[in-house]
Amino acid sequence: MVHPPMAEPPVAFWMTGPGRGELRAESLPVPADDEVLVRTAWTGISRGTEGLVLRGEVPEAEHQRMRAPFQAGSFSFPLKYGYLNVGVVERGPQRLVGSTVFTLFPHQSAFVVPAEAVTVVPDAVPPRRAVLAGAVETAVNVLWDARPALGDRVTVIGAGMIGCCIARLAHGILGAEVTLVDVDAAKAPVARLLGVDFASPDGAAPDRDIVIEASGTAAGLGRALELAATDGSVIVASWYGSRPVALELGADFHSRRLTLVSSQVGAVAASQRDRRSTRQRLELALRLLEDPAFDVLLTGSSPWAELPAVMASLAGATDRAGEGAVGGLCHTIDWRP
């Protein structure tokens, strides 16, 4: 792939309306003593959340809670949104200069943030793989909410980026039986490389101790309730935006004493909140990315100049993975010269 030259002045991707966006020049301040100037190497696209944002499907009641840490603009457009950024510190405190860092920053070629906002990527984690830190951090939080035990039967519904990260981490629990469920049979080899079983929704085994719904679909959530064992838990990791979701809570929902648990990465899971900070959770996620199995989730890449077209494809993508320019799992954007 031939890469365009490094953008000077810095450029960022702005969402300008439902399904539309453009690259705009940015001006950067001179970093203060406690700030860093980061030159972006890679950004990752969070297909589910960024798709909802780009389509204008963030409910007004959630506008404040759904703000990304360094978002610019509002959900009514235009806005600069994203949170999977890996780059190199060019200016700042000496201890950080030259370090590869992960930052919850949108798609932009260079930026200035407080030094405390960046997290150093371990040497054993390749920079492109490090864009998965946000997804792995979410997976850590989901499993903290789910509290799986040794030998538990765990099913993850939805083999997207988040679901696959959850499955890989759950695979490491001693004696756990982990199954990844998806409507797309092409995800079966991915599950195998992650070390877990694969099943279609119709072929998935019932009586599971924990079912984690990460499909972003009403059908996936309904199937999760069907697969949970009596007294089992369904952890809802998906966010549906402004879309209503109908659930069948009659039938045997009450008699089987099922538990529905919402998991959201904005706060550390209640089971760990008194002991772990969000920084410690992110540092843990980056250490877990030393596992090379996560490379199977990096399914496509585009140079930064193609971002408007890539994101437009994302806005028009369906729930089935593999469709459009950003189908599959994690699509990365290459900002290197």
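Modeller: The buried residues of helix α7 are covered by a set of elements that includes β1 (11-17), β2 (20-25), β3, α1 (47-54), β16 (298-303) and β17 (330-334). The model is a predicted one. Helix α7 itself runs over residues 307-316, and its buried residues are Leu307, Val310, Met311, Ser313, Leu314 and Ala315. An α-helix has 3.6 residues a turn, so residues three or four places apart point the same way. Leu307, Val310, Met311 and Leu314 may be read with that spacing in mind, and each of them is buried.

Strand β3, one of the covering elements, spans residues 35-45 and contains Thr40. Thr40 counts as buried because its relative accessible area is 2%, where the limit for buried is under 20%. Its side chain makes a polar contact of 3.3 Å with the side chain of Asn85. Leaving aside residues up to four places away in sequence, Thr40 touches Asn85, Val86, Gly87, Gln108, Ser109, Ala110, Phe111 and Trp335.

The view can now be widened to the nonpolar interior. In soluble globular proteins, nonpolar side chains tend to be buried together. Here the largest nonpolar core has 74 residues, and the members that touch the most others are Met15, Tyr81, Ile212 and Leu297. Helix α2 (residues 133-146) gives the most to this core, namely nine residues. Returning to Leu297, its contacts beyond four places in sequence are Leu132, Met161, Cys164, Cys165, Val190, Leu194, Leu329 and Cys330.

Charged pairs come next. The model has 15 salt bridges. In one of them, Glu22 pairs with Arg24, with 2.8 Å between the closest N and O atoms. Glu22 is partly exposed at 35% relative accessibility, and Arg24 is partly exposed at 29%.

Another salt bridge joins the side chains of Asp295 and Arg129, at 2.8 Å from N to O. Asp295 is in the loop between α6 (278-288) and β16, while Arg129 is in the loop between β9 (118-120) and α2, so this pair ties together parts 166 residues apart in sequence. Asp295 is partly exposed, with a relative accessible area of 33%, whereas Arg129 is buried at 5%.

In a further salt bridge, the side chains of Arg257 and Asp231 meet at 3.4 Å, N to O. Arg257 belongs to the loop between β14 and β15 (259-262) and Asp231 to strand β14, so the pair links parts 26 residues apart in sequence. Arg257 is exposed, with a relative accessible area of 59%. The backbone of Asp231 also deserves attention: its phi is positive, about 70°, although the residue is not a glycine. Asp231 lies within strand β14, which covers residues 228-236.

Phe77, too, is a residue other than glycine with a positive phi, near 75°. Phe77 is in the loop between β4 and β5, and at 16% relative accessible area it is buried. The peptide bond from Phe77 to Pro78 is cis, with omega near -5°. Pro78 is likewise found in the loop between β4 (72-73) and β5 (79-80).

Definitions and conventions
Residues numbered from 1 in each chain as written. Predicted model: local features only at pLDDT ≥ 70, side-chain atom pairs only at ≥ 80, totals over all residues. Heavy atoms only, no water. Helix = DSSP H or I, 4+ residues; strand = E, 2+ residues; numbered from the N terminus. Buried < 20%, exposed > 50% of the residue type's maximum accessible area, 1.4 Å probe, protein only. Polar contact = N/O pair within 3.5 Å; in protein donor to acceptor, adjacent residues only side chain to side chain. Contact = heavy atoms within 4.5 Å. Core = buried A, V, L, I, M, F, W, Y, C linked by side-chain atoms within 4.5 Å. Salt bridge = Lys/Arg side-chain N within 4 Å of Asp/Glu carboxyl O.
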